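Here are my notes on the model. Please read them with the structure open.

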Amino acid sequence: MKLAVYGKGGIGKSTTSCNISVALARRGRRVLQIGCDPKHDSTFTLTGFLIPTIIDTLEEKDYHYEDVYAEDVIYEGYGGVHCVEAGGPPAGAGCGGYVVGETMKLLKELRAFDEHDVILFDVLGDVVCGGFAAPLNYADYCLIITDNGFDALFAANRIAASVREKARTHPLKLAGLVGNRTNKRDLIDKYVESVPMPVLEILPLIEDIRISRVKGKTIFEMAESDPSLEPVCQYYLNIADHLLAGPEGVVPKETPDRALFELLSDF
Ligand code: ADP
Ligand code: MG
């Protein structure tokens, strides 16, 4: 299964991705998480440090792709989850999307896609243009992380449009939304009424999740010494089990931008 996780910046994609990856590994799957955000901190809570990126490694090898081996770019993280960071061009220069496209090519050449049961792409989703849409060419499912606010749902709607577009030529489905850092879901519910798609889980703001990030650990690792965190792990295990069951998913039909403003605003 190939899974592409998208969502607005800072919404909790990487946090959610790392914990879903561990949950999938707990279910016996060989998991590879690929950070496709130039921020290159996707896998930080799995490894506990910022691993060298594909771009770092390519630079070191003078862009001789044939000199790059799997062990140069794939690091083992918590729970046996394998980790890759695409990296990005220097801030303010070059094209981050291009880097994602190149990462896909290199990992395919390294046969990394064949050697794992689950590939999870963690991709920034403010703009799903060019290279940042590349993971959708490979994914079976897209999963969107959102909160109960306008901005994240606006980004979700854009991502839904990209899924609809890619689904014309690829066997891609939207598995659904994960609500994150929210107790309220009224706007999420309003949105899925107008653009029907499953809501897989709603995670509240949990202080221990924030702390887990600062400690460079997943919530599963923290739960080893603090069993009171097991209910938090359960959220992620539920999402993992849902995905492993091969959900039908949807090809969404996004709402026009203006209609979304009307739907989700108070004026
Ligand atoms: P993204 O990858 O979308 O940019 P991150 O996963 O890096 O976002 O999350 C941003 C911040 O939000 C992190 O500090 C993370 O610990 C925190 N966070 C994510 N989900 C939760 C949650 N459910 N409860 C509390 N804090 C969270
Ligand atoms: Mg991230």
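1. Start with Cys233. Its relative accessible area is 4%, so Cys233 is buried. The classes used here are buried (under 20% relative accessible area), exposed (over 50%) and partly exposed (in between), with a 1.4 Å probe and protein chains only. Cys233 sits in helix α11, residues 230–244. Helices (H or I, at least four residues) and strands (E, at least two) are DSSP runs, numbered from the N terminus. Setting aside residues up to four places away in sequence, Cys233 touches Ile219, Phe220 and Ala223. Contact means heavy atoms within 4.5 Å. Ala223 is 10 residues from Cys233 along the chain, and their C-alpha atoms are separated by 7.9 Å.

2. A word on the basis of these values. This is a predicted model, in which local features need pLDDT of at least 70 and side-chain atom pairs count only at pLDDT 80 or more, while totals for chains, interfaces and linings use all residues. Side-chain values use heavy atoms, with hydrogens and water left out; residues are numbered from 1 along each chain as its sequence is written, and chains are lettered from A and ligands numbered from 1 in the order in which they are written.

3. Overall form. The protein chain has 12 helices and eight strands. Does its radius of gyration agree or disagree with that of a compact globule? For 267 residues such a globule would have a radius near 18 Å, and the protein chain has 18 Å, so the two agree. The radius is taken over C-alpha atoms, and the globule rule is 2.2 Å times the number of residues to the power 0.38. Along the principal axes, the C-alpha atoms fill a box of roughly 55 × 45 × 35 Å.

4. Of the 267 residues of the protein chain, 54% count as buried. Take the contacts in the protein chain with a separation of 6 or more: residues 24 or more positions apart account for 75% of them.

5. Surface and charge. The accessible surface of the protein chain comes to about 11800 Å², and 50% of this belongs to carbon and sulfur atoms. Accessible areas come from the Shrake-Rupley method with a 1.4 Å probe; for residues, only the protein chains shown count as cover. The protein chain has 27 positive and 39 negative charges, and their mean positions are 5 Å apart. Lys and Arg count as positive and Asp and Glu as negative, while His and the chain ends are not counted. Each charge is placed at NZ of Lys, CZ of Arg, CG of Asp or CD of Glu.

6. Aromatic pairs. A search of the whole structure finds seven. In Phe113 and Phe121, the ring centres are 6.1 Å apart and the planes stand at 85 degrees, so this pair is edge-to-face. Rings of Phe, Tyr and Trp (its six-membered ring) pair if their centres lie within 6.5 Å; planes under 30 degrees apart count as stacked, over 60 as edge-to-face and the rest as tilted. Both Phe113 and Phe121 are buried.

7. How are the rings of Phe113 and Tyr138 arranged? Their centres are 5.5 Å apart and their planes are at 70 degrees, so the pair is edge-to-face. This pair links distant parts of the chain, 25 residues apart: Phe113 is in the loop between α5 (96–109) and β5 (118–122), and Tyr138 is in helix α6 (residues 135–138). Phe113 has 9% relative accessibility, so it counts as buried. Tyr138 is partly exposed at 25%. Phe113, Phe121 and Tyr138 form one aromatic cluster.

8. Pro38 belongs to the loop between β2 (31–35) and α2 (44–47). Its relative accessibility is 28%, hence partly exposed. Beyond its neighbours within four places in sequence, Pro38 is in contact with Gly87, Gly88, Gly96, Leu124 and Phe132. Pro38 and Glu85 are 47 residues apart in sequence, yet 8.5 Å apart in space, C-alpha to C-alpha.

9. Thr53 is in the loop between α2 and α3 (54–60). At 3% relative accessibility, Thr53 is buried. Not counting residues up to four places away in sequence, Thr53 touches His40, Glu85, Ala86 and Gly87.

10. Backbone angles to check. Most residues other than glycine have a negative phi. Asp62 has a positive phi of about 55 degrees, although it is not a glycine. Asp62 lies in the loop between α3 and α4 (70–73) and is exposed, at 59% relative accessible area. Tyr63 also has a positive phi, near 60 degrees. Tyr63 is placed in the loop between α3 and α4 and is partly exposed, at 42%.
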